[in-house]
Amino acid sequence: MATTTAASTESASDADYARLEERILARDQLGASQALYGLLKRKRPVTDILRQTIRIHAPYTHVPYHQRLDDGLVKFVNNDHCFLSERVGLPLMSMIRPELALLPLAQTVWYMPTGLDPWNQLLGKAPGHYTRLYNIAVNQAPPMPEIHWPDQEPVHLEGPIGERLNHWLTLVQRGDVVASYRVFLGLMDDVPNRRAVLAQLAFAGLIDVQDRMFHNRSYTTGHKAYRARATIELGEAFGWHDAHSVLYAGVPDIAVGPRWYSTYEMGGNVVQNVLEGRDRELLAQREPLTAAEEAMLVETITRQREPSVIDAVVALLRAGRSPRRILDAIQIASAQVILETGHPTNFSMSQHGYEYCNTVGWFFDTFEHPHRLKLLFVAAAFITRAAEHQAITPNNGRRAITMPAGADTRSAPQLLERLETALLALRPDESVDLTAAYLRAGHDRAPLVQTLATAAAKVGNDPHNQELGLCLLEDYGHTQAHDRDRLLLASAQHTAGHRKYGDHLEAYRRFAEAFDLL
């Protein structure tokens, strides 16, 4: 009788991981996916696989700067989509249909060969996401991806934790990438203060948001915050004793430029000068917004200018309303901006605005950071600018939601089947209408949420977008907003409507074929 020893199993796993690394670094999407399927069929734990994928890409998903200025034109480059999709794969597993639980991980690995060394993609030296985005021809065999920021050893500082955290944030603001990374590694060794260190990491990302949108091309749309959140959640999933690659993948970029703090400065000045610096007192408020107050704030954010938005948030805080519940209303406004986004290439500002609001909500719910109140004003300003941007960009605008023909005679399963078909066929108006019909009929929300999550996970070639779909569904699960169903409508709009690359269902089909799901 054949037997398998622990040693032989470990040896086979090591060989499988070596094959996965080889195929990813060779930029071989099909080969990397096949290597992953082998690991999954060997029942390797998802967290073990994620730990390895992060180790593989961490050296190669940094850039020396987030923009280039070649021939007089700005080109923007981001570099965290591998990392963000690794984070989102864990919660998505329990939200989508059980037989597809491993699909988010498969989407991550399918994308990963295209996400390496985006800086050299901009130079036309290697194929990938940014050569596809900017239509850059690659006329050479791709070299090994370049390491722009080598890994470092920790530096341990003396002094009170508050002083050390301020020093680290100063290094970040100065753009001293290596020094800030080394200091952060040292701060993480201070286990009793680790929670405060992680809160400061997230805070450093959340305060870095651009101050304008219209006719911009170099975007700072909250990605530092999304990367910080991925660092924190993945590190906690693995255990910090075994998460150095997570820190390497996430932390150095927080200091990479360009960096924009003027919107946070506005929030700080409003709290200090208009609200008398009463952060602690105001953060303790628990009174929810009325339906009328919520509608007022949504209308102000989406239809008026920034000074009016600041006044509206200040008035709600002075009236004793909960900052966290004000944020719920800001999220509804952000969902409305998504619903008013039309052309697929127009989703960038509306979708990133929502992810920023989602991340601020996570920050409020996860940490007791003393300056989180100021982020309410950053989030509100972000969405106001996004709404203005969408309003003056062609092919956007309000659309009446209509009842699809025959929808009132269909059962809940029939509506969900039609909805998933519309989502995957990229028909956003129909998808929103079917979602609204399902909600109007009073059917159970849980199967609808699962259908929306499953469709978001099936859409591939840039798995950052499955994270964006998850944000809306995640907030639907715990918001106290009166108009919470708008989050589900926006999820349908985004999944069907946002920009896709290539065959958006290829990775799903390959996964389904490998596991006999078709």
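## Helices and strands

The chain has 25 helices and 2 strands. Helices (H or I, at least four residues) and strands (E, at least two) are DSSP runs, numbered from the N terminus. The model is predicted: local features need pLDDT of at least 70, side-chain atom pairs count only at pLDDT 80 or more, and totals for chains, interfaces and linings use all residues. Residues are numbered from 1 along each chain as its sequence is written, and side-chain values use heavy atoms, with hydrogens and water left out.

## Overall dimensions

The chain has a radius of gyration of 23 Å, which agrees with the value near 24 Å that a compact globule of 518 residues would have. The radius is taken over C-alpha atoms, and the globule rule is 2.2 Å times the number of residues to the power 0.38. Along the principal axes, the C-alpha atoms fill a box of roughly 70 × 70 × 55 Å.

## Strand pair

Strand 1 (residues 67-70) and strand 2 (residues 73-76) run antiparallel and are joined by 4 bridges; two strands pair if DSSP finds at least two bridges between them. Gln67 stands opposite Phe76 of strand 2, and Asp70 has Leu73 as its bridge partner in strand 2. The hairpin has 2 residues between the strands, and in it Asp71 takes a positive phi near 55°.

## Helix 22 and its partners

Helix 22 (residues 445-458) and helix 23 (residues 464-476) have axes that come within 8 Å and cross at roughly 165°. Axes are lines fitted to C-alpha atoms, for helices over the stretch in contact, and angles run from 0 to 180 degrees between N-to-C directions. The two helices are therefore roughly antiparallel to each other. Angles under 35 degrees count as roughly parallel, over 145 as roughly antiparallel, 65 to 115 as roughly perpendicular and the rest as oblique. The crossing of helix 22 and helix 23 is left-handed; a crossing has this hand if the near helix is turned anticlockwise from the far one by less than a right angle, and is right-handed if clockwise. Helix 22 makes the contact through Arg445, Val449, Leu452, Ala453, Ala456 and Ala457, and helix 23 through Gln466, Gly469, Leu473 and Tyr476. Contact means heavy atoms within 4.5 Å. By class, this contact has 7 nonpolar, 2 polar and 1 charged residues, where Ala, Val, Leu, Ile, Met, Phe, Trp, Tyr, Cys and Pro count as nonpolar, Asp, Glu, Lys and Arg as charged, and the others, Gly among them, as polar.

Helix 20 (residues 412-424) also packs on helix 22: the axes come within 10 Å and cross at roughly 25°. That makes helix 20 roughly parallel to helix 22, and their crossing is right-handed. From helix 20 the contact takes Leu416, Leu419, Glu420, Leu423 and Leu424, and from helix 22 it takes Pro447, Leu448, Thr451, Leu452, Thr454, Ala455 and Lys458. The classes here are 8 nonpolar, 2 polar and 2 charged residues. Leu452 of helix 22 takes part in the contact with helix 23 and in the contact with helix 20.

## Helix 5 and helix 25

Helix 5 (residues 103-111) packs against helix 25 (residues 506-514) at an angle of about 125°, with the axes 10 Å apart. Helix 5 is therefore oblique to helix 25, and passes it in a right-handed crossing. Leu103, Ala106, Gln107 and Trp110 of helix 5 meet Glu506, Ala507, Tyr508, Arg510 and Phe511 of helix 25. This contact has 6 nonpolar, 1 polar and 2 charged residues.

## Backbone details in loops

Gly257 and Pro258 are joined by a cis peptide bond with omega of about -5°. Pro258 lies in the loop between helix 12 (244-250) and helix 13 (262-274). Asn395 is in the loop between helix 19 (374-391) and helix 20; phi of Asn395 is near 70°, a positive value in a residue other than glycine.
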